[in-house]
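Biologist: I am new to this structure and would like to learn how to read it. Could you take me through a few features, one at a time?

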Amino acid sequence: MYTSVIKGALLVAVLLAGRPILAQNNVLDQYIQQAFQNNKGLKEQHFQLTKSMLALQEARSLFGPNVSLLGNYTKSSGGRTIDFPIGDIMNPVYNSLNQLTNSHQFKSLDNVHVQLNPDNFYDAKLRASLPLLNAEIYYNQLIKKEQITQQQAAVNVYKRELVKDIKTAYYQYYQASQAVAIYNNALSLIQENIRINESMVRNGVRNNTALYRAQTEKEKTEADINKAVASRQNSRAYFNFLLNRGLTENITLDSTLLTAPAQLPGKDINDREELAQYKSATNAYRLNEKLQRAYLVPKLSTFVDLGSQGMGGNFNRDTRYYLFGVNLEWNLFASHKYKYKIKQAANDVQTITNAADQTAEALRLQVYQAVNDYQTALLNFNTAKSQLSFAERYYRDQLKVYKEGQLLYIELLDAQNQLTQAQLQTTVAQAAVQTAYAAVERTQASYQIDNNNQ
């Protein structure tokens with residue numbers, strides 16, 4: 001429902017700018033949907049969530065087999081050697097045999113001089129390993145799951161804050177737009193006063209003093225209009241910034257959004273995602289404590305090597321080999337290193353638990369203050385409406401008397417200024433009600449964002 005500004009009447013949201021938007025529930029909800037899709041800060045939170053999910057996949061992959069290709073080649077010279085006098089041992093025997101057989105069938109042997117460092121030696125193998133028992137991998141996966149839950153809550157925290165910022169910016173733009181309309185309305189009244197004063201001057205009823213005063217007031221009001229227009233432009237730019245679109249994009253104002261809610265949501269802080277974040281963080285720290293205590297659990301893994309090793313580039317049945325084995329690692333003593341790690345982990349649990357309790361108390365305080373602020377804003381709005389009603393009647397009465405020539409222009413101008421200020425105060429109070437309600441909605445996490453997840 002869109003209406004126009006009525007002179008001297010309560011201004012209840014009116015400006016229609018730009019093309020209409022297809023609303024999910026209303027215009028503002030549609031804008032919030034656009035922010036959920038386009039806001040850069042929210043996209044960054046989603047990137048962090050994706051990173052956490054990938055970290056969980058990485059943790060799960062540690063349970064699977066690992067296949068790697070290993071190889072080395074060695075070229076050496078010098079170093080330690082093994083000397084084996086095989087010639088000194090066997091040559092006398094071979095000489096005796098040659099004499100007995102009257103032949104040279106048995107050749108002389110040289111003593112063996114073997115270098116210990118392998119020379120021109122290669123070893124290439126394909127190793128497949130699989131963890132059979134590893135508490136570190138198990139708890140690491142559980143910790144990654146909690147970190148995903150924590151980041152999901154962080155995304156929703158950002159969304160709720162974004163909803164509040166968008167609503168606040170929307171009503172600030174409404175207020176700034178109304179201020180422009182009010183000052184334009186005041187300018188119309190002044191121009192009408194100038195017309196009346198000019199007529200009175202021509203008829204000799206008034207002198208030029210009232211006319212000069214009215215023209216001065218006109219200049220002042222035009223300056224107020226310029227300030228109000230600048231404020232509206234800044235408000236529009238900030239609202240569009242939240243939606244990640246052009247800063248000068250038009251904004252549609254829906255008057256149905258300015259009705260004060262019949263009642264507050266009436267919820268507590270149990271739905272606050274900040275508490276869910278602390279819950280996940282606490283679980284992660286407790287899992288880390290269990291991980292530190294699991295040092296007594298042995299690590300068991302198995303492996304299979306399929307490879308070849310030999311001298312030069314030889315590759316045949318004699319160089320090929322396979323090797324199967326089982327690895328066991330069991331930490332029995334480490335100079336109390338793990339005892340202190342366990343104490344540190346337990347201290348982390350106590351720290352995060354205390355922080356969670358402190359945050360819960362702070363959130364309850366936020367709800368209490370937000371509800372009080374809303375009730376105060378509602379009272380102020382009702383008061384502003386009453387003041388506006390009196391100001392309207394007072395101005396009509398003063399204008400009637402002025403036209404009859406029984407009132408000074410300065411008194412009429414005072415009534416007009418009172419009317420303008422009452423109109424401005426009413427729009428400020430009306431926007432304050434909606435802004436305060438958005439704050440209550442934020443502190444109670446009552447806005448439905450589940451269906452809007454992107």
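Predicted model: local features only at pLDDT ≥ 70, side-chain atom pairs only at ≥ 80, totals over all residues.

Biologist: How many residues does helix H4 have, and what is its reach from the first C-alpha to the last?

Modeller: In general, an α-helix has 3.6 residues a turn, so residues three or four places apart point the same way. Helix H4 covers residues 135-202, which makes 68 residues, and it reaches 100 Å from first to last C-alpha, close to the 100 Å expected at 1.5 Å a residue. Just after H4 comes Gly-204, with a positive phi of about 75 degrees.

Biologist: Which residues other than glycine have a positive phi?

Modeller: Most residues other than glycine have a negative phi. Among those with a positive value here, Asn-102 has a phi near 50 degrees, and Asn-120 has one near 55 degrees. Asn-102 sits in the loop between helix H3 (86-101) and strand S3 (112-115), while Asn-120 is in the loop between S3 and strand S4 (121-133).

Biologist: Are these two asparagines buried or exposed?

Modeller: Asn-102 is exposed, because its relative accessible area of 73% is over 50%. Asn-120 has 28%, so it counts as partly exposed.

Biologist: How should I read a pair of aromatic rings?

Modeller: Such a pair is described by the distance of the centres and the angle of the planes. The whole structure has nine aromatic pairs. In one of them, Tyr-94 and Phe-106 have ring centres 5.6 Å apart and planes at 25 degrees, so they are stacked. This pair links distant parts of the chain, with Tyr-94 in helix H3 and Phe-106 twelve residues away in the loop between H3 and S3. The rings of Tyr-170 and Tyr-171 also have centres 5.6 Å apart, but their planes are at 85 degrees, so that pair is edge-to-face. Tyr-170 is buried at 1% relative accessibility, and Tyr-171 is buried at 4%.

Biologist: Which residues make the nonpolar surface patch?

Modeller: Val-67, Leu-69, Leu-126, Leu-306, Tyr-322, Phe-324 and Val-326 make a patch of about 800 Å². Strand S1 (66-74) and strand S6 (320-329) each give two or more residues, and S6 gives the most, with three. Val-67, in strand S1, counts as exposed because its relative accessibility is 55%.

Note on methods
Residues numbered from 1 in each chain as written. Heavy atoms only, no water. Helix = DSSP H or I, 4+ residues; strand = E, 2+ residues; numbered from the N terminus. Buried < 20%, exposed > 50% of the residue type's maximum accessible area, 1.4 Å probe, protein only. Patch = residues over 30% accessible without salt bridge, like charges linked within 9 Å, V, L, I, M, F, W, Y side chains within 5 Å. Areas by Shrake-Rupley, 256 points an atom, 1.4 Å probe, with all protein chains shown as cover. Salt bridge = Lys/Arg side-chain N within 4 Å of Asp/Glu carboxyl O. Expected span 1.5 Å × (residues − 1). Phe/Tyr/Trp six-rings, centres within 6.5 Å; stacked < 30°, edge-to-face > 60°.
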